[in-house]
Amino acid sequence: MADILRAQSPFSGRLPVTAGPFKAVEVIPGSVMSVAPYRGQQAAVSKALSHHGLRFPDAGEAVEAAHAAALWTGLDECFVISDAPLPLNLDGIAAVTDQTDGWGWLRLTGAGWQEVMARLCPVDPALMVPGRALRSEVGHMMAIVYGVTDGVIVCVMRSFAGTMAHDISVALTSVAAQKEME
Amino acid sequence: MRLQGFGQIDRSSPVRFEFDGRSYGGFAGDTLASALLANDIRLIGRSFKYHRPRGIVTAGSEEPNALMTIGQGAAANPNTRATTQELYDGLVARSQNAWPSLGLDVMEVNDLLAPFLGAGFYYKTFMWPKAIWEKLYEPVIRHAAGLGALSGQDDGQSYDTGFLHCDLLVIGSGPAGLMAALTGARAGKRVILAEEDFAFGGRLNAEAEEVAGQPGPAWVASVIAELAAAPNVRLMRRTTVTGAYDGGTFGALEQVAEHLPSLPQGAPRATFWRIAAGRTVLAGGAHERMIAFRDNDRPGVMQASAVRSYLHRYGVAPGRKVAVFTNNDDGWRTAADLIAAGVTVTAVIDPRAHTQHDLPCRMIHGGVVTRAHGRLGLDNITVRKPDGAEIKVDADCLAVSGGWNPSVHLTCHMNGRPDWSEDIAAFVPRPGAVPGLIAAGAANGMFSTHGALRSGAQAAAEALDIKPIKVPQAEDATFEITPFWHVEGPGRAFLDPQNDVSVKDVKAAHQENFRSVEHMKRYTTLGMATDQGKLSNVGALAIMARLTGRDIPEVGTTTFRPPYTPVPIAAFAGRAARDTFRPHRLTPSDALSRERGAEFIEAGLWHRAAWFPQPGEDWLAACNRETTMVRETVGVADVTTLGKIDIQGPDAAVFLDRVYTNMFSTLKVGRVRYGLMLREDGFVMDDGTCARLGDQHYVMTTTTAAAGQVMVHLQFCQQVLWPELDVRFISVTDQWAQFAVAGPKARDLIRDVVAEDVSDESFPYMGCGAVTVLGVPGRLFRISFSGEHAYEVAVPARYGDALARALTERAEALGGGLYGMEALNVLRIEKGYITHAEIDGRVTADDIGMGRMVSAKKDCVGKVMSERPGLHGPERCQLVGLRPLNPDAAALHAGAHLFALKAEITPDTDQGWLSSACYSPTFGHRIAYAFLKNGRARHGETVRVVDRTKGTETLCDVTAPMFYDQEGGKLRG
């Protein structure tokens with residue numbers, strides 16, 4: 001049993017892609033945990049998360065701290081993403097699962113990235129701002145969309161990474177080509 | 001004929017284009033239609049049914065005649081309106097529906113047969129003999145009729161789809177649209193201004209008018225400059241809003257590259273947008289309508305407004321001697337503009353006896369045009385004067401104005417009906433017909449320029465609840481019209497030139513009692529062509545109104561449906577075409593499988609390895625080898641695709657007891673149990689295993705294809721049925737890479753990669769637990785879908801590729817290797833495990849022999865409904881195995897039906913069907929699963945398997961639905 005298994009990231013070999021001002025790169029969070037508070041335990045969960053500068057987010061909200069964030073991902077559920085695994089101490093008050101390997105994360109940047117998202121996602125890009133975490137479809141895939149200062153982070157289930165890389169590549173190439181035409 | 005000093009074309013940019021094989025010149029800023037007219041080309045196509053020579057009628061998207069095929073080869077675009085196609089250097093256009101040439105079209109014989117080919121002709125003539133319809137009539141008619149044709153090839157081009165959002169969507173950029181957009185923009189609102197033309201401005205580009213003391217186009221340019229500088233405004237020219245839908249959503253087609261000789265790398269040909277608008281101002285203008293008279297479809301007969309468009313916008317006189325036929329002031333304006341431009345106006349004919357107009361040309365007040373002459377192009381017209389005398393008037397172009405129809409179409413897309421306005425003798429949008437949409441300008445029946453400016457500003461202010469902005473000075477004449485629809489007389493007077501429908505046809509519909517407007521439309525096909533009757537509808541309604549003694553609003557309109565103008569199907573699809581029609585989900589072993597030359601099969605969105613052919617192997621040889629390999633040594637298969645749902649909470653056990661037919665609260669931690677789920681209606685929904693990882697922690701597996709459905713079901717159960725249960729669940733399908741390791745040597749392999757003890761004591765059959773897999777924390781389940789001693793081993797997905805390789809390498813060292821879905825399927829059929837081939841949504845637990853799995857000790861979803869009469873018992877088709885009497889029988893395929901030995905083969909004697917079948921290398925013959933009426937009581941009987949699609953019949957013995965290791969010793973050993 002000498003060999004150690006080599007890890008591979010979801011977008012490995014598929015990103016980055018660039019065209020014109022646009023760039024899509026893979027982001028690899030150190031840890032992603034789903035947190036689903038049990039009935040009546042949201043306040044207790046928020047309190048536990050406060051040790052990391054976080055709280056349980058409202059619907060559509062992203063709560064951000066220096067090295068971690070809590071992204072709303074659905075009914076009674078959020079993802080706590082962090083640079084390194086955090087001691088969450090949520091035993092008995094929330095269902096927690098490791099989702100670090102379950103999702104692929106990409107960051108889209110470049111002036112006018114909203115035009116790229118407009119080709120892929122029905123949500124108004126004006127809502128893709130820091131502090132917001134949205135669930136929507138991106139290129140016919142269910143996704144988490146999360147605004148950052150210079151662009152947007154799109155997260156899809158790991159098995160979709162190939163299609164996501166393809167779709168974002170096609171969309172940013174298309175928008176860049178149309179900018180050239182202007 | 002091109003006129004000097006007129007038009008907004010760029011005379012410094014000449015371009016060459018080709019029409020029907022001949023080369024012509026034009027300028028940037030021309031449409032194909034304006035360039036053809038500038039080259040004195042009047043004959044541009046043949047009509048749909050009678051193959052009559054046709055010319056350009058309009059200067060916009062309502063054009064019925066000038067349909068062209070643009071471009072060549074696979075990407076050629078048929079049925080393109082020459083009136084909206086921008087001219088570019090190298091453009092190649094072909095006319096349609098003519099053979100051998102436009103000038104000499106043999107199918108014109110249809111026109112001579114016209115007396116026999118009127119509306120209803122097909123229905124009456126081609127009824128018998130019935131058999132000939134499909135073989136002869138339909139192909140011949142389809143060949144003779146029609147417009148352009150697609151190439152039938154993949155055009156190799158791309159289209160985009162997209163989503164836009166705004167506070168105010170303004171449709172149309174004429175005076176009303178520009179003022180609406182300005183109003184919104186200055187208030188800081190997010191505005192989208194959509195214009196179907198390649199130039200903003202609407203009719204301001206087509207008239208000699210001033211706005212705010214500037215020529216129309218100059219004022220347009222200043223407004224567009226202001227809007228373009230505003231960050232909150234999106235200007236979208238070449239964008240047609242094609243449909244109005246629920247919730248303020250509009251469909252819009254943006255032509256991205258139809259004006260370019262070739263598609264720039266990476267760009268789409270067009271983008272189909274879904275626009276979510278807070279409020280909408282419809283300022284789409286109006287269409288000038290024609291007047292019906294004999295042979296009014298001759299090339300050279302045009303809308304009066306189109307004549308002005310060609311004059312003012314393109315610097316083209318559509319004729320050298322122009323006559324005008326009008327029932328309103330618009331025609332007079334046309335004549336005045338032509339005279340001012342130095343074009344000869346041979347006469348203005350106005351059926352109104354008393355008008356104030358006076359022009360330096362022949363004026364025939366109270367006269368009508370009774371006939372147009374000239375087959376391939378207009379030569380002259382016959383005019384009947386008020387005294388009844390008929391005279392001929394020279395004209396190679398006749399400008400006709402029968403009034404204006406506001407383009408109400410979008411306001412009717414949500415089933416609204418327009419209102420009739422007596423003042424303008426036309427339909428106008430009914431307020432509120434599309435929630436949040438206000439019509440303005442000519443689209444709302446406001447025909448003066450100042451009125452349009454004013455109404456656009458007001459509409460936007462009202463829509464956004466803000467103050468209107470100041471309206472600039474402009475022409476503000478009142479609009480006067482006396483309705484006049486049709487000049488009675490012999491011959492055919494066309495209403496709908498695109499579908500060749502004449503007044504006679506409407507009369508025929510009336511005669512045959514197809515008097516409802518919807519019936520009339522279908523009987524005559526009026527308004528059913530690609531122009532959706534933009535020019536023809538109201539005229540036909542007027543004729544029907546007169547025939548039935550009703551007024552027009554009483555007759556009503558037919559339904560306008562999206563799209564407003566044709567949209568390529570490819571644009572709806574966008575990039576979801578070809579191989580990327582839908583997303584692909586790839587397994588952790590995808591790269592390895594491809595390296596090994598695997599063939600793939602789709603299961604839901606997943607692409608799974610189906611078999612791994614070795615040199616010289618076809619699929620069957622590979623499948624047989626892989627099956628035998630698992631039975632004799634060890635095989636590795638990627639089973640990541642099975643849905644994995646993590647379920648936690650104080651009530652997790654109770655929750656599972658209710659969704660599964662069998663008990664899960666009694667399952668011990670560290671053990672796995674097979675479970676069956678029913679739908680609410682009592683039929684089987686899905687099956688799978690569920691492992692208990694902790695007191696309040698389970699991991700449920702679902703079938704690959706039903707993972708989403710099961711998740712939705714669980715959500716429904718928790719949120720709606722039992723909100724009192726404290727349970728949480730989430731998909732962990734993609735978190736874990738999971739591999740089946742199956743075969744007599746499976747434990748040898750697992751021992752080699754798992755640090756913990758995997759003896760029967762630690763990991764008995766149906767045991768599970770956390771383990772360390774090659775140094776990585778993972779999970780091990782001792783479960784089997786093959787009947788062999790088997791495991792499923794899972795690691796976090798980042799290690800999936802590496803583990804797949806490590807397992808494969810070790811399996812190969814043991815004489816085994818990878819196996820795919822085909823072998824997996826054979827293994828499970830041999831062993832008697834079901835898939836969705838069996839639980840196809842129509843079978844009950846009892847049908848598949850699992851009736852006893854529906855626990856009597858508790859309730860579960862679907863239990864009560866499954867106990868309904870008719871869902872169990874001997875009348876049901878029950879799962880059985882089938883073994884052919886002749887072991888060499890090759891014809892045993894899923895989908896075949898079962899019959900008793902001597903029964904006649906009819907639907908009544910049908911006794912069931914085959915759900916799964918395969919060649920079993922283990923037994924050396926084919927085997928199958930079937931649902932046979934009262935099957936469990938018929939083991940040992942012989943039945944006929946009849947496969948009508950393959951024309952085969954096979955005798956089979958009925959067996960228990962399990963062929964391999966019925967005692968289960970191999971599983972447990």
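This is a predicted model: local features need pLDDT of at least 70, side-chain atom pairs count only at pLDDT 80 or more; totals for chains, interfaces and linings use all residues.
Gln532(B) sits in the loop that runs between α11 (517–524) and α12 (537–548) of chain B. Its backbone also deserves a look: Gln532(B) is not a glycine, yet its phi is positive, at about 55°. Most residues other than glycine have a negative phi.

Asp76(A) is not a glycine either, and its phi is positive, about 55°. This residue belongs to the loop between β5 (68–74) and β6 (77–82) of chain A. Is Asp76(A) buried or exposed? Asp76(A) is buried, because 20 other C-beta atoms are found within 10 Å and the cut-off for a buried residue is 20 or more.

Peptide bonds provide the next topic. Most of them are trans. In chain A, however, Leu15(A) and Pro16(A) are joined by a cis peptide bond with an omega of about 5°. Pro16(A) is located in the segment before β1 (17–19) of chain A. In chain B, the bond leading from Pro562(B) to Pro563(B) is cis, and its omega is near -5°. Pro563(B) lies in the loop between α13 (552–555) and α14 (569–573) of chain B.

The division gives domain 1 (10–109), domain 2 (160–287 + 406–464), domain 3 (585–641 + 735–828), domain 4 (645–730) and domain 5 (873–972). How far apart are the C-alpha centres of domain 1 and domain 4 of chain B? The distance between these two centres is 65 Å.

Finally, the two chains meet: 44 residues of chain A are in contact with 41 residues of chain B. On the side of chain A that touches chain B, β3 (31–37), β7 (94–98) and α3 (161–181) each supply at least two residues. Which element gives the most to that side? The answer is α3(A), with eleven residues. By residue type, the side of chain A that touches chain B comprises 19 nonpolar, 14 polar and eleven charged residues.

Methods: Residues are numbered from 1 along each chain as its sequence is written. Chains are lettered from A and ligands numbered from 1 in the order in which they are written. Two residues are in contact if their C-beta atoms, placed from the backbone, lie within 7 Å. Helices (H or I, at least four residues) and strands (E, at least two) are DSSP runs, numbered from the N terminus. Ala, Val, Leu, Ile, Met, Phe, Trp, Tyr, Cys and Pro count as nonpolar, Asp, Glu, Lys and Arg as charged, and the others, Gly among them, as polar. Domain bounds come from an automatic or database domain assignment. A residue is buried if 20 or more other C-beta atoms lie within 10 Å of its own, exposed if 12 or fewer, and partly exposed in between; C-beta atoms are placed from the backbone.
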